[in-house]
Amino acid sequence: MSALKAELGKFIAGAAARKLYRSALRTARDAPQGARGDIRTEARRQFELGRRVDPSDVAQVQWLLNEGTRQLKELKDMVGLSSRTL
């Protein structure tokens, strides 16, 4: 039963990571024209680094998801501020 629980946890974490990545790309779309490519490139780079983490290390995966969510919130705040000043 614990193997099934572990697989479910990996599936849910993968779905959360994909959702976070899509949200980062949507945020890049709202950024000023000059910053869009940089934001997409950095999001891709961060997710590629996360790909190297052992999926069975639940604490590390959860930390990465939390950190990504925090960084995305900061990015959204910056994009919101920059789009209001245009």
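Author: What follows is a set of questions about terms, each answered by setting a value against a definition. The model is predicted, so local features need pLDDT of at least 70 and side-chain atom pairs count only at pLDDT 80 or more, while totals for chains, interfaces and linings use all residues. Residues are numbered from 1 along each chain as its sequence is written, and side-chain values use heavy atoms, with hydrogens and water left out.

Reader: Why is Thr27 called buried?

Author: Buried means under 20% relative accessible area, exposed means over 50%, and partly exposed lies in between, with a 1.4 Å probe and protein chains only. Thr27 has a relative accessible area of 6%, so it is buried. Thr27 lies in helix α1, where helices are DSSP runs (H or I, at least four residues) numbered from the N terminus. Among the other buried residues of α1 are Ala13, Gly14 and Leu20.

Reader: Which residues is Thr27 in contact with, leaving aside its neighbours within four places in sequence?

Author: With contact taken as heavy atoms within 4.5 Å, these are Leu72, Leu75, Lys76 and Val79.

Reader: How do you know whether Phe11 is buried or exposed?

Author: Phe11, which is also found in helix α1, has a relative accessible area of 55% and is therefore exposed. Together with Leu8 and Ile12, Phe11 makes a nonpolar surface patch of about 330 Å².

Reader: What makes Ala6 partly exposed?

Author: The relative accessibility of Ala6 is 39%, and therefore Ala6 counts as partly exposed.

Reader: Why are Tyr21 and Phe47 called an edge-to-face pair?

Author: Rings of Phe, Tyr and Trp (its six-membered ring) pair if their centres lie within 6.5 Å, and planes under 30 degrees apart count as stacked, over 60 as edge-to-face and the rest as tilted. The rings of Tyr21 and Phe47 are 5.0 Å apart, centre to centre, with 70° between the planes, so the pair is edge-to-face. The pair links distant parts of the chain, since Tyr21 is in helix α1 and Phe47 in helix α2 (residues 33–51), 26 residues apart. Tyr21, at 21% relative accessibility, counts as partly exposed, and so does Phe47, at 28%.

Conventions. Patches are made of residues with over 30% relative accessible area and no salt bridge: like charges are joined within 9 Å, nonpolar side chains (Val, Leu, Ile, Met, Phe, Trp, Tyr) within 5 Å. Accessible areas come from the Shrake-Rupley method with a 1.4 Å probe; for residues, only the protein chains shown count as cover. A salt bridge is a side-chain nitrogen of Lys or Arg within 4 Å of a carboxyl oxygen of Asp or Glu. Helices (H or I, at least four residues) and strands (E, at least two) are DSSP runs, numbered from the N terminus.
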